[in-house]
Amino acid sequence: MRMYDILEDKAAGRALTEAQIHWFMDGLCAGTIPDYQTSALLMAIFLNGMAEDELAVWTDAMARSGDTVDLSAIAGVKVDKHSTGGIGDKTTVILGPIVAACGGRLAKMSGRGLGFSGGTIDKLESIPGLRTDLSRAEFVRLANEVGVAVTGQTADVAVADKKLYALRDVTATVNSIPLIASSIMSKKLASGSDKILLDVKVGSGAFMKTAGDGRALARAMVDIGRRSGKETVAILTNMDRPLGRCVGNLAEMQEAYRTLQGCGPADLTELCLWLAAKMLAMAGRGSFDDCRVRAERSLRDGSAAEKFLAFLAAQGGDTRVLEHPETHYAAPQERVVTAERAGYLAVASAEDIGKASVALGAGRLTKEDAIDFTAGVIFEASPGEAVSAGQPLCRLLAADGSRLAEGEALLRRALRVDAAPPAPEPLILDVVEA
Ligand code: URA
(Lines give C-alpha, C1' and ligand atoms only; values in the text may rest on other atoms or scores of the structure.)
Protein backbone atom coordinates (compact mmCIF):
# COMPACT_ATOMS: atom_id res chain seq x y z
CA MET A 1 0.00 0.00 0.00
CA ARG A 2 1.22 3.54 -0.71
CA MET A 3 0.36 6.76 1.12
CA TYR A 4 0.23 8.47 -2.27
CA ASP A 5 -2.79 6.35 -3.32
CA ILE A 6 -4.57 7.00 -0.01
CA LEU A 7 -4.10 10.72 -0.54
CA GLU A 8 -5.34 10.49 -4.12
CA ASP A 9 -8.50 8.65 -3.00
CA LYS A 10 -9.30 11.09 -0.22
CA ALA A 11 -8.53 14.14 -2.35
CA ALA A 12 -11.05 12.81 -4.90
CA GLY A 13 -13.64 12.50 -2.12
CA ARG A 14 -13.65 8.69 -2.00
CA ALA A 15 -14.09 6.95 1.38
CA LEU A 16 -10.98 5.16 2.64
CA THR A 17 -11.21 1.39 3.05
CA GLU A 18 -10.72 -0.38 6.37
CA ALA A 19 -7.36 -1.72 5.14
CA GLN A 20 -6.19 1.76 4.12
CA ILE A 21 -7.19 3.23 7.49
CA HIS A 22 -5.39 0.52 9.47
CA TRP A 23 -2.30 0.79 7.28
CA PHE A 24 -2.24 4.56 7.82
CA MET A 25 -2.77 4.42 11.63
CA ASP A 26 -0.05 1.76 12.00
CA GLY A 27 2.36 3.89 9.97
CA LEU A 28 1.42 7.04 11.87
CA CYS A 29 2.15 5.41 15.23
CA ALA A 30 5.33 3.73 13.97
CA GLY A 31 6.55 7.08 12.65
CA THR A 32 6.99 5.79 9.08
CA ILE A 33 4.62 8.31 7.46
CA PRO A 34 6.12 11.76 6.99
CA ASP A 35 4.27 14.68 8.57
CA TYR A 36 3.72 16.31 5.16
CA GLN A 37 1.69 13.32 3.96
CA THR A 38 -0.33 13.08 7.19
CA SER A 39 -0.99 16.82 6.96
CA ALA A 40 -2.17 16.42 3.37
CA LEU A 41 -4.55 13.65 4.45
CA LEU A 42 -5.93 15.82 7.26
CA MET A 43 -6.57 18.64 4.80
CA ALA A 44 -8.31 16.25 2.38
CA ILE A 45 -10.55 15.05 5.24
CA PHE A 46 -11.13 18.65 6.32
CA LEU A 47 -12.29 19.54 2.78
CA ASN A 48 -14.15 16.36 1.81
CA GLY A 49 -15.40 14.96 5.13
CA MET A 50 -15.84 11.27 5.90
CA ALA A 51 -18.58 8.72 5.32
CA GLU A 52 -20.29 7.30 8.43
CA ASP A 53 -18.70 3.82 8.12
CA GLU A 54 -15.31 5.30 7.34
CA LEU A 55 -15.46 7.59 10.39
CA ALA A 56 -16.40 4.68 12.68
CA VAL A 57 -13.44 2.58 11.45
CA TRP A 58 -11.08 5.60 11.64
CA THR A 59 -12.16 6.35 15.24
CA ASP A 60 -11.89 2.72 16.31
CA ALA A 61 -8.36 2.54 14.88
CA MET A 62 -7.45 5.71 16.81
CA ALA A 63 -8.93 4.26 20.01
CA ARG A 64 -6.81 1.13 19.61
CA SER A 65 -3.62 3.08 18.89
CA GLY A 66 -2.66 3.35 22.60
CA ASP A 67 -3.55 1.84 25.96
CA THR A 68 -7.14 0.94 26.71
CA VAL A 69 -8.26 1.41 30.29
CA ASP A 70 -9.91 -1.44 32.18
CA LEU A 71 -12.52 -0.17 34.64
CA SER A 72 -14.02 -3.59 35.35
CA ALA A 73 -12.86 -3.42 39.00
CA ILE A 74 -15.28 -0.53 39.55
CA ALA A 75 -18.73 -1.78 40.47
CA GLY A 76 -21.80 -1.07 38.35
CA VAL A 77 -22.40 0.41 34.92
CA LYS A 78 -19.73 3.04 34.23
CA VAL A 79 -21.01 6.15 32.44
CA ASP A 80 -18.37 8.63 31.27
CA LYS A 81 -19.23 12.28 30.76
CA HIS A 82 -17.48 14.71 28.46
CA SER A 83 -17.98 18.37 27.69
CA THR A 84 -16.63 19.85 24.47
CA GLY A 85 -15.48 22.81 26.55
CA GLY A 86 -16.81 26.21 27.46
CA ILE A 87 -16.53 29.17 29.80
CA GLY A 88 -17.28 28.55 33.48
CA ASP A 89 -18.14 24.89 32.84
CA LYS A 90 -17.63 23.24 36.22
CA THR A 91 -20.35 20.60 35.77
CA THR A 92 -18.11 17.53 36.26
CA VAL A 93 -17.12 18.47 39.82
CA ILE A 94 -20.78 19.08 40.71
CA LEU A 95 -22.49 16.18 39.05
CA GLY A 96 -19.95 13.61 40.33
CA PRO A 97 -20.96 14.20 43.98
CA ILE A 98 -24.67 14.30 43.05
CA VAL A 99 -24.38 10.97 41.24
CA ALA A 100 -22.40 9.48 44.15
CA ALA A 101 -24.91 10.77 46.72
CA CYS A 102 -27.62 8.96 44.71
CA GLY A 103 -25.71 5.66 44.78
CA GLY A 104 -23.98 5.94 41.38
CA ARG A 105 -20.30 6.33 40.49
CA LEU A 106 -18.25 8.76 38.46
CA ALA A 107 -14.72 7.55 37.66
CA LYS A 108 -13.30 9.98 35.18
CA MET A 109 -10.11 10.99 33.49
CA SER A 110 -10.04 14.70 32.77
CA GLY A 111 -7.78 17.21 31.08
CA ARG A 112 -6.27 20.64 31.64
CA GLY A 113 -7.52 23.85 30.08
CA LEU A 114 -5.91 25.46 27.07
CA GLY A 115 -6.77 28.82 25.52
CA PHE A 116 -10.09 30.42 26.45
CA SER A 117 -11.63 27.18 27.72
CA GLY A 118 -10.88 25.75 31.19
CA GLY A 119 -10.18 22.17 32.31
CA THR A 120 -11.43 20.11 35.23
CA ILE A 121 -7.95 19.09 36.40
CA ASP A 122 -6.93 22.75 36.87
CA LYS A 123 -10.12 23.48 38.79
CA LEU A 124 -9.47 20.53 41.13
CA GLU A 125 -5.82 21.46 41.64
CA SER A 126 -6.90 24.90 42.89
CA ILE A 127 -7.75 23.10 46.16
CA PRO A 128 -4.47 23.02 48.14
CA GLY A 129 -2.90 19.56 48.31
CA LEU A 130 -5.37 17.90 45.95
CA ARG A 131 -3.74 15.21 43.80
CA THR A 132 -4.85 14.43 40.26
CA ASP A 133 -2.12 11.86 39.55
CA LEU A 134 -3.93 8.92 41.13
CA SER A 135 -2.47 5.47 40.62
CA ARG A 136 -4.78 2.97 38.96
CA ALA A 137 -5.34 1.22 42.29
CA GLU A 138 -6.22 4.51 44.06
CA PHE A 139 -8.53 5.52 41.23
CA VAL A 140 -10.47 2.26 41.45
CA ARG A 141 -10.53 2.29 45.27
CA LEU A 142 -11.81 5.87 45.51
CA ALA A 143 -14.42 5.29 42.79
CA ASN A 144 -15.72 2.27 44.74
CA GLU A 145 -15.44 3.75 48.26
CA VAL A 146 -16.32 7.42 47.75
CA GLY A 147 -18.26 7.13 44.50
CA VAL A 148 -16.29 9.86 42.71
CA ALA A 149 -12.69 9.84 41.49
CA VAL A 150 -11.19 12.22 38.94
CA THR A 151 -7.65 11.84 37.71
CA GLY A 152 -5.46 13.21 34.96
CA GLN A 153 -4.76 10.93 32.01
CA THR A 154 -3.04 7.94 33.68
CA ALA A 155 -2.63 5.83 30.58
CA ASP A 156 -1.29 6.66 27.17
CA VAL A 157 -4.68 6.49 25.48
CA ALA A 158 -5.32 7.16 21.78
CA VAL A 159 -1.70 7.86 20.86
CA ALA A 160 -2.74 8.57 17.25
CA ASP A 161 -4.88 11.46 18.47
CA LYS A 162 -1.89 13.22 20.02
CA LYS A 163 0.03 13.00 16.73
CA LEU A 164 -2.94 14.03 14.61
CA TYR A 165 -3.95 16.87 16.94
CA ALA A 166 -0.43 18.34 16.89
CA LEU A 167 -0.55 18.46 13.07
CA ARG A 168 -4.16 19.73 12.96
CA ASP A 169 -3.12 22.55 15.23
CA VAL A 170 -0.55 23.87 12.73
CA THR A 171 -2.39 23.09 9.48
CA ALA A 172 -5.71 24.88 10.17
CA THR A 173 -7.58 21.55 10.26
CA VAL A 174 -8.79 21.55 13.88
CA ASN A 175 -12.25 22.77 12.96
CA SER A 176 -13.56 19.71 11.11
CA ILE A 177 -16.54 17.77 12.42
CA PRO A 178 -15.20 14.26 11.59
CA LEU A 179 -11.76 15.14 12.97
CA ILE A 180 -13.19 16.58 16.21
CA ALA A 181 -15.69 13.72 16.59
CA SER A 182 -13.00 11.05 16.11
CA SER A 183 -10.57 12.88 18.40
CA ILE A 184 -13.06 13.04 21.28
CA MET A 185 -14.63 9.62 20.77
CA SER A 186 -11.33 7.75 20.32
CA LYS A 187 -10.31 8.88 23.83
CA LYS A 188 -13.74 8.05 25.25
CA LEU A 189 -13.76 4.58 23.66
CA ALA A 190 -10.29 3.86 25.05
CA SER A 191 -11.21 5.07 28.55
CA GLY A 192 -13.07 1.94 29.60
CA SER A 193 -16.58 3.21 30.36
CA ASP A 194 -19.70 1.27 29.37
CA LYS A 195 -21.70 4.30 28.19
CA ILE A 196 -20.95 7.89 27.24
CA LEU A 197 -22.80 11.14 27.97
CA LEU A 198 -21.63 14.14 25.93
CA ASP A 199 -22.32 17.83 26.54
CA VAL A 200 -21.81 19.61 23.21
CA LYS A 201 -21.46 23.33 23.86
CA VAL A 202 -22.82 25.70 21.24
CA GLY A 203 -22.28 29.44 20.96
CA SER A 204 -19.74 32.22 21.08
CA GLY A 205 -17.79 30.59 23.94
CA ALA A 206 -17.58 27.15 22.30
CA PHE A 207 -15.81 25.32 19.48
CA MET A 208 -19.17 24.94 17.71
CA LYS A 209 -20.56 28.40 17.04
CA THR A 210 -23.97 27.37 15.60
CA ALA A 211 -26.64 24.90 16.68
CA GLY A 212 -26.43 23.30 13.20
CA ASP A 213 -22.71 22.52 13.61
CA GLY A 214 -23.25 21.42 17.22
CA ARG A 215 -26.01 19.05 16.14
CA ALA A 216 -23.84 17.61 13.34
CA LEU A 217 -20.97 17.00 15.79
CA ALA A 218 -23.35 15.45 18.33
CA ARG A 219 -24.88 13.19 15.67
CA ALA A 220 -21.42 12.10 14.42
CA MET A 221 -20.31 11.18 17.97
CA VAL A 222 -23.55 9.38 18.85
CA ASP A 223 -23.24 7.33 15.63
CA ILE A 224 -19.61 6.43 16.41
CA GLY A 225 -20.69 5.29 19.90
CA ARG A 226 -23.56 3.20 18.50
CA ARG A 227 -21.31 1.49 15.96
CA SER A 228 -18.82 0.71 18.75
CA GLY A 229 -21.53 -0.86 20.89
CA LYS A 230 -21.48 1.89 23.54
CA GLU A 231 -24.72 3.73 24.17
CA THR A 232 -23.93 7.41 23.65
CA VAL A 233 -26.20 10.37 24.35
CA ALA A 234 -25.34 13.97 23.48
CA ILE A 235 -26.97 17.07 24.88
CA LEU A 236 -26.56 20.42 23.12
CA THR A 237 -26.25 23.33 25.55
CA ASN A 238 -26.01 27.08 25.22
CA MET A 239 -22.53 28.62 25.51
CA ASP A 240 -23.40 32.13 24.33
CA ARG A 241 -22.92 33.10 27.98
CA PRO A 242 -20.77 31.61 30.74
CA LEU A 243 -22.26 28.79 32.79
CA GLY A 244 -22.95 30.13 36.28
CA ARG A 245 -21.47 33.34 37.61
CA CYS A 246 -17.83 32.39 38.20
CA VAL A 247 -15.00 31.87 35.72
CA GLY A 248 -11.59 30.92 37.14
CA ASN A 249 -10.38 27.82 38.91
CA LEU A 250 -10.83 28.41 42.65
CA ALA A 251 -13.83 30.72 42.11
CA GLU A 252 -15.47 27.89 40.15
CA MET A 253 -14.79 25.38 42.92
CA GLN A 254 -16.35 27.80 45.42
CA GLU A 255 -19.36 28.15 43.13
CA ALA A 256 -19.55 24.36 42.77
CA TYR A 257 -19.73 24.03 46.57
CA ARG A 258 -22.50 26.64 46.80
CA THR A 259 -24.40 24.85 44.02
CA LEU A 260 -24.12 21.53 45.86
CA GLN A 261 -25.48 23.27 48.97
CA GLY A 262 -28.51 24.26 46.90
CA CYS A 263 -27.55 27.94 46.57
CA GLY A 264 -26.06 27.94 43.08
CA PRO A 265 -27.10 29.91 39.99
CA ALA A 266 -30.20 28.56 38.25
CA ASP A 267 -28.55 27.70 34.91
CA LEU A 268 -25.67 25.76 36.45
CA THR A 269 -27.95 23.95 38.90
CA GLU A 270 -30.38 22.97 36.14
CA LEU A 271 -27.68 21.59 33.83
CA CYS A 272 -25.99 19.61 36.61
CA LEU A 273 -29.30 18.10 37.75
CA TRP A 274 -30.17 17.15 34.16
CA LEU A 275 -26.78 15.55 33.51
CA ALA A 276 -26.73 13.74 36.87
CA ALA A 277 -30.23 12.36 36.30
CA LYS A 278 -29.29 11.23 32.80
CA MET A 279 -26.09 9.56 34.04
CA LEU A 280 -27.96 7.74 36.79
CA ALA A 281 -30.68 6.63 34.36
CA MET A 282 -28.09 5.43 31.83
CA ALA A 283 -26.40 3.48 34.65
CA GLY A 284 -29.69 1.65 35.22
CA ARG A 285 -30.59 3.37 38.48
CA GLY A 286 -34.19 4.21 37.59
CA SER A 287 -36.15 6.34 35.17
CA PHE A 288 -34.86 9.79 34.27
CA ASP A 289 -37.70 11.42 36.25
CA ASP A 290 -37.05 9.36 39.40
CA CYS A 291 -33.32 10.03 39.16
CA ARG A 292 -34.00 13.73 38.76
CA VAL A 293 -36.13 13.78 41.95
CA ARG A 294 -33.31 11.99 43.85
CA ALA A 295 -30.70 14.36 42.45
CA GLU A 296 -32.73 17.38 43.60
CA ARG A 297 -33.14 15.82 47.04
CA SER A 298 -29.36 15.35 47.35
CA LEU A 299 -28.92 19.12 47.04
CA ARG A 300 -31.60 19.81 49.66
CA ASP A 301 -30.54 17.24 52.27
CA GLY A 302 -26.82 18.10 52.16
CA SER A 303 -25.69 14.65 50.99
CA ALA A 304 -24.25 15.93 47.66
CA ALA A 305 -22.27 18.71 49.39
CA GLU A 306 -20.97 16.17 51.91
CA LYS A 307 -19.87 13.88 49.04
CA PHE A 308 -18.08 16.80 47.40
CA LEU A 309 -15.97 17.43 50.50
CA ALA A 310 -15.32 13.70 50.94
CA PHE A 311 -14.23 13.39 47.29
CA LEU A 312 -11.82 16.35 47.50
CA ALA A 313 -10.41 15.22 50.86
CA ALA A 314 -9.94 11.63 49.62
CA GLN A 315 -7.70 13.02 46.86
CA GLY A 316 -5.67 14.97 49.43
CA GLY A 317 -7.43 18.34 49.13
CA ASP A 318 -7.59 20.76 52.06
CA THR A 319 -11.26 21.73 51.89
CA ARG A 320 -10.92 24.51 54.47
CA VAL A 321 -10.40 26.85 51.49
CA LEU A 322 -14.08 26.19 50.72
CA GLU A 323 -15.51 25.71 54.19
CA HIS A 324 -13.61 28.50 55.97
CA PRO A 325 -12.58 30.96 53.25
CA GLU A 326 -12.38 33.79 55.80
CA THR A 327 -9.29 32.18 57.35
CA HIS A 328 -7.94 29.89 54.63
CA TYR A 329 -8.25 31.89 51.45
CA ALA A 330 -5.81 34.69 50.60
CA ALA A 331 -7.94 37.05 48.52
CA PRO A 332 -6.21 38.24 45.33
CA GLN A 333 -6.30 41.80 44.05
CA GLU A 334 -9.64 42.92 42.77
CA ARG A 335 -11.17 45.41 40.34
CA VAL A 336 -14.90 46.07 40.03
CA VAL A 337 -16.30 46.68 36.54
CA THR A 338 -19.43 48.81 36.59
CA ALA A 339 -22.16 49.53 34.02
CA GLU A 340 -21.50 52.69 32.04
CA ARG A 341 -25.22 53.21 31.51
CA ALA A 342 -28.58 51.82 32.53
CA GLY A 343 -30.11 48.97 30.53
CA TYR A 344 -29.95 45.20 30.30
CA LEU A 345 -26.73 43.23 30.62
CA ALA A 346 -25.90 41.21 27.48
CA VAL A 347 -22.91 39.07 26.51
CA ALA A 348 -21.36 40.14 23.19
CA SER A 349 -18.78 37.33 23.24
CA ALA A 350 -18.49 34.55 25.80
CA GLU A 351 -15.10 33.70 24.26
CA ASP A 352 -13.83 37.15 25.25
CA ILE A 353 -14.86 36.45 28.86
CA GLY A 354 -12.69 33.33 28.66
CA LYS A 355 -9.87 35.39 27.18
CA ALA A 356 -10.24 37.96 29.97
CA SER A 357 -9.86 35.21 32.55
CA VAL A 358 -6.72 33.96 30.77
CA ALA A 359 -5.32 37.52 30.74
CA LEU A 360 -5.95 37.69 34.50
CA GLY A 361 -3.86 34.51 34.92
CA ALA A 362 -6.60 31.86 35.24
CA GLY A 363 -5.69 29.96 32.06
CA ARG A 364 -2.81 29.24 29.75
CA LEU A 365 -1.96 30.13 26.17
CA THR A 366 0.66 27.39 25.87
CA LYS A 367 0.78 24.05 27.66
CA GLU A 368 3.79 25.22 29.69
CA ASP A 369 2.16 28.38 31.19
CA ALA A 370 1.65 28.47 34.97
CA ILE A 371 -1.81 29.21 36.37
CA ASP A 372 -2.93 31.61 39.09
CA PHE A 373 -5.67 29.59 40.77
CA THR A 374 -7.18 32.65 42.46
CA ALA A 375 -7.58 34.62 39.20
CA GLY A 376 -10.92 34.94 37.46
CA VAL A 377 -14.14 36.83 36.88
CA ILE A 378 -17.11 36.83 39.24
CA PHE A 379 -20.35 38.21 37.85
CA GLU A 380 -22.48 40.37 40.10
CA ALA A 381 -25.29 40.58 37.53
CA SER A 382 -26.56 37.91 35.14
CA PRO A 383 -27.08 38.34 31.40
CA GLY A 384 -30.58 39.68 30.77
CA GLU A 385 -30.76 41.43 34.16
CA ALA A 386 -31.72 45.13 34.34
CA VAL A 387 -28.76 47.20 35.58
CA SER A 388 -28.43 50.86 36.52
CA ALA A 389 -25.54 53.18 35.59
CA GLY A 390 -22.60 52.59 37.96
CA GLN A 391 -23.92 49.23 39.17
CA PRO A 392 -21.20 46.56 39.57
CA LEU A 393 -21.37 44.02 36.72
CA CYS A 394 -18.48 41.85 37.79
CA ARG A 395 -15.33 41.62 39.87
CA LEU A 396 -11.99 40.79 38.30
CA LEU A 397 -9.52 38.82 40.44
CA ALA A 398 -5.78 38.41 39.95
CA ALA A 399 -2.87 37.73 42.30
CA ASP A 400 -0.80 39.95 40.00
CA GLY A 401 -2.53 43.36 39.99
CA SER A 402 -0.76 44.43 36.80
CA ARG A 403 -2.99 41.99 34.89
CA LEU A 404 -6.22 43.73 35.89
CA ALA A 405 -6.12 46.44 33.17
CA GLU A 406 -5.88 43.97 30.26
CA GLY A 407 -8.52 41.78 31.90
CA GLU A 408 -10.84 44.78 32.17
CA ALA A 409 -10.32 45.80 28.52
CA LEU A 410 -11.21 42.28 27.31
CA LEU A 411 -14.12 42.02 29.69
CA ARG A 412 -15.59 45.33 28.55
CA ARG A 413 -15.36 44.10 24.95
CA ALA A 414 -17.22 40.94 26.02
CA LEU A 415 -20.19 42.69 27.62
CA ARG A 416 -22.85 45.16 26.44
CA VAL A 417 -25.60 47.05 28.17
CA ASP A 418 -28.56 47.10 25.77
CA ALA A 419 -31.64 49.30 25.83
CA ALA A 420 -33.98 46.31 25.53
CA PRO A 421 -33.83 42.96 27.35
CA PRO A 422 -32.36 40.12 25.25
CA ALA A 423 -34.74 37.40 24.04
CA PRO A 424 -34.60 34.53 26.56
CA GLU A 425 -32.52 31.61 25.28
CA PRO A 426 -32.99 27.99 26.34
CA LEU A 427 -30.07 26.39 28.19
CA ILE A 428 -30.65 22.90 26.78
CA LEU A 429 -31.02 23.21 23.02
CA ASP A 430 -31.45 19.57 22.04
CA VAL A 431 -30.80 15.96 23.01
CA VAL A 432 -29.35 13.60 20.40
CA GLU A 433 -29.69 9.87 20.97
CA ALA A 434 -29.07 6.85 18.73
N1 URA B 1 -11.45 18.26 21.94
C2 URA B 1 -10.72 17.19 21.53
O3 URA B 1 -10.38 16.32 22.33
N4 URA B 1 -10.39 17.11 20.24
C5 URA B 1 -10.74 18.03 19.32
O6 URA B 1 -10.41 17.88 18.16
C7 URA B 1 -11.48 19.14 19.75
C8 URA B 1 -11.85 19.22 21.08
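## Helix 1: two faces

Tyr4 and Ala11 are exposed and sit on the face of helix 1 turned away from its buried side. Exposed means over 50% relative accessible area, buried under 20%, and partly exposed in between, with a 1.4 Å probe and protein chains only. Helices (H or I, at least four residues) and strands (E, at least two) are DSSP runs, numbered from the N terminus. This is a predicted model, in which local features need pLDDT of at least 70 and side-chain atom pairs count only at pLDDT 80 or more, while totals for chains, interfaces and linings use all residues. Residues are numbered from 1 along each chain as its sequence is written, and side-chain values use heavy atoms, with hydrogens and water left out.

Helix 1 spans residues 3-11, and its buried residues are Met3, Ile6, Leu7, Asp9 and Lys10. They lie on the same side of the helix because they cover an arc of only 160 degrees around the axis. The arc is taken from the directions that run from the helix axis to the C-beta atoms. Helix 2 (18-30), helix 3 (35-48) and helix 4 (52-63) are among the elements that cover these buried residues. After helix 1 comes Gly13, with a positive phi near 85 degrees.

## Nonpolar cores

A nonpolar core is a set of buried Ala, Val, Leu, Ile, Met, Phe, Trp, Tyr and Cys residues joined through side-chain atoms within 4.5 Å. The largest one holds 91 residues. Ile98, Met253, Phe308, Leu312 and Ile353 touch the most other members. Helix 12 (residues 266-282) gives the most to this core: eleven residues. A second, separate core has 41 residues, including Ala63, Ala160, Leu167 and Leu179.

What does Ile98 contact, leaving aside its neighbours within four places in sequence? The partners are Leu260, Cys272, Leu273, Ala276, Ala295, Ser298, Leu299 and Ala304. Contact here means heavy atoms within 4.5 Å.

## Cavities

A cavity is a set of points on a 1 Å grid, over the protein atoms alone, where a 1.4 Å probe fits but cannot get out; lining residues have an atom within 4 Å of a point. Grid points are joined across faces, edges and corners, and a volume is the space filled by probe spheres set on the points. Five cavities reach 30 Å³ or more. Ala, Val, Leu, Ile, Met, Phe, Trp, Tyr, Cys and Pro count as nonpolar, Asp, Glu, Lys and Arg as charged, and the others, Gly among them, as polar.

The second largest cavity has about 50 Å³ of space. Leu71, Asp80, Ala107, Lys108, Met109, Phe139 and Ser191 line this cavity. Strand 2 (residues 106-109) gives the most, with three residues. Four lining residues are nonpolar, one is polar and two are charged.

## Two alanines with positive phi

Most residues other than glycine have a negative phi. Ala158 has a positive phi of about 45 degrees. Ala158 lies in the loop between strand 3 (148-151) and helix 8 (159-170). Ala172 also has a positive phi, about 55 degrees. Ala172 is in the loop between helix 8 and helix 9 (177-190).

Which of these alanines is buried, and which is exposed? Ala158 is buried, at 1% relative accessibility. Ala172 is exposed, at 58%.

Technical notes:
On a 1 Å grid over the protein atoms alone, a cavity is a set of points where a 1.4 Å probe fits but cannot get out, and a pocket is an open set with protein on both sides within 12 Å along at least five of seven lines; lining residues have an atom within 4 Å of a point.
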